[in-house]
Amino acid sequence: MDKQKAIDKLNEILKHEWTGVAQYSQQGFLVRGLWREPYAKMFFESAEECFRHARTIGEKIVALGGVPTLERNTVKQSTDVREMLEHALEFERTAVEHYREALDICADDRPLVVLLEDLILEEQEGVDELEKLVREHQAATGAQPSQAQEKVG
Ligand SMILES: [Fe+2]
């Protein structure tokens, strides 16, 4: 395994997870009206999951001799719950892609593969769950999928 390449990819993941901590927290703060009840808790739990992943990845970066990044990507914001769910779905799909790429880079480091496989499974569960929620939300409101959702689909 190319150690530097692995550290760089893990830092890209860490940056994504930090983005998730901020984005999901903001969604938890901003979700309002009737949707606040079901979704605020879900968004905050997702922020906590991102932090758990960030911690795991940050610890691994240091173990490999790297320095964990403090940067994050641009946070997508909305006060519309459908858009929030679409942003969340897009975020989780990107996470799956990042972990998939990391698995390719780290393929010959067995323990790291196991660690990444655990995480990619949780990310995929996030995608599965959000796909159901986005569908359900559309059914409940009669809304059409927005362009953002069609693009990531
Ligand atoms: Fe994650």
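Helices α1 and α3 pack at an angle of about 165 degrees, with their axes 10 Å apart, and they are therefore roughly antiparallel to each other, a label used for angles over 145 degrees, whereas angles under 35 count as roughly parallel, 65 to 115 as roughly perpendicular and the rest as oblique. The axes are lines fitted to C-alpha atoms, for helices over the stretch in contact, and the angles run from 0 to 180 degrees between N-to-C directions. This is a predicted model, in which local features need pLDDT of at least 70 and side-chain atom pairs count only at pLDDT 80 or more, while totals for chains, interfaces and linings use all residues. Residues are numbered from 1 along each chain as its sequence is written. Helices are DSSP runs of H or I with at least four residues, and strands are runs of E with at least two, numbered from the N terminus.

**How the helices pack**

- Two packed helices are described by the angle between their axes and the distance between the axes.
- The residues of the contact of α1 with α3 divide into 9 nonpolar, 7 polar and 4 charged; here Ala, Val, Leu, Ile, Met, Phe, Trp, Tyr, Cys and Pro count as nonpolar, Asp, Glu, Lys and Arg as charged, and the others, Gly among them, as polar.
- α1 also packs with α2, at an angle of about 160 degrees and with the axes 8 Å apart, which makes α1 roughly antiparallel to α2.
- The crossing of α1 and α2 is left-handed, and by class their contact has 16 nonpolar, 8 polar and 2 charged residues.
- α2 and α4 pack at an angle of about 165 degrees, with their axes 12 Å apart, and that makes α2 roughly antiparallel to α4.
- α2 and α4 also cross in a left-handed way, and Glu49, His53, Thr56 and Lys60 in α2 meet Leu115, Leu119 and Glu122 in α4, a contact with 2 nonpolar, 2 polar and 3 charged residues.

- For α4 (residues 110-141), the 32 residues should span 46 Å, which agrees with the 46 Å between its end C-alpha atoms.
- A residue is buried if 20 or more other C-beta atoms lie within 10 Å of its own, exposed if 12 or fewer, and partly exposed in between, with C-beta atoms placed from the backbone.
- The buried residues of α2 include Tyr39, Phe43, Cys50, His53 and Ile57, and what covers the buried residues of α2 includes α1, α3 and α4.
- In α4, the buried residues are Leu112, Leu116, Leu119, Glu123, Gly126, Leu130 and Val134.
- α2 (residues 36-63) is followed by Gly65, whose phi is positive, near 95 degrees.

**Four individual residues**

- His98, placed in helix α3, is buried, with 23 other C-beta atoms within 10 Å, and, not counting residues up to four places away in sequence, His98 touches Glu12, Ile13 and His16.
- Gln26 is found in helix α1 (residues 3-30) and counts as partly exposed with 18 C-beta neighbours inside 10 Å; leaving aside its neighbours within four places in sequence, Gln26 is in contact with Val75 and Gln77.
- His137 in helix α4 is partly exposed, with 18 other C-beta atoms within 10 Å, and, leaving aside its neighbours within four places in sequence, His137 is in contact with Val81, Arg82 and Leu85.
- The C-alpha atoms of His137 and Met84, which are 53 residues apart along the chain, are separated by 11 Å.
- Arg100 has its place in helix α3 (residues 81-105) and, with 13 C-beta neighbours inside 10 Å, counts as partly exposed.

Note on methods. The expected span of a helix is 1.5 Å times one less than its number of residues. A crossing is left-handed if the near helix is turned anticlockwise from the far one by less than a right angle, and right-handed if clockwise. Two residues are in contact if their C-beta atoms, placed from the backbone, lie within 7 Å.
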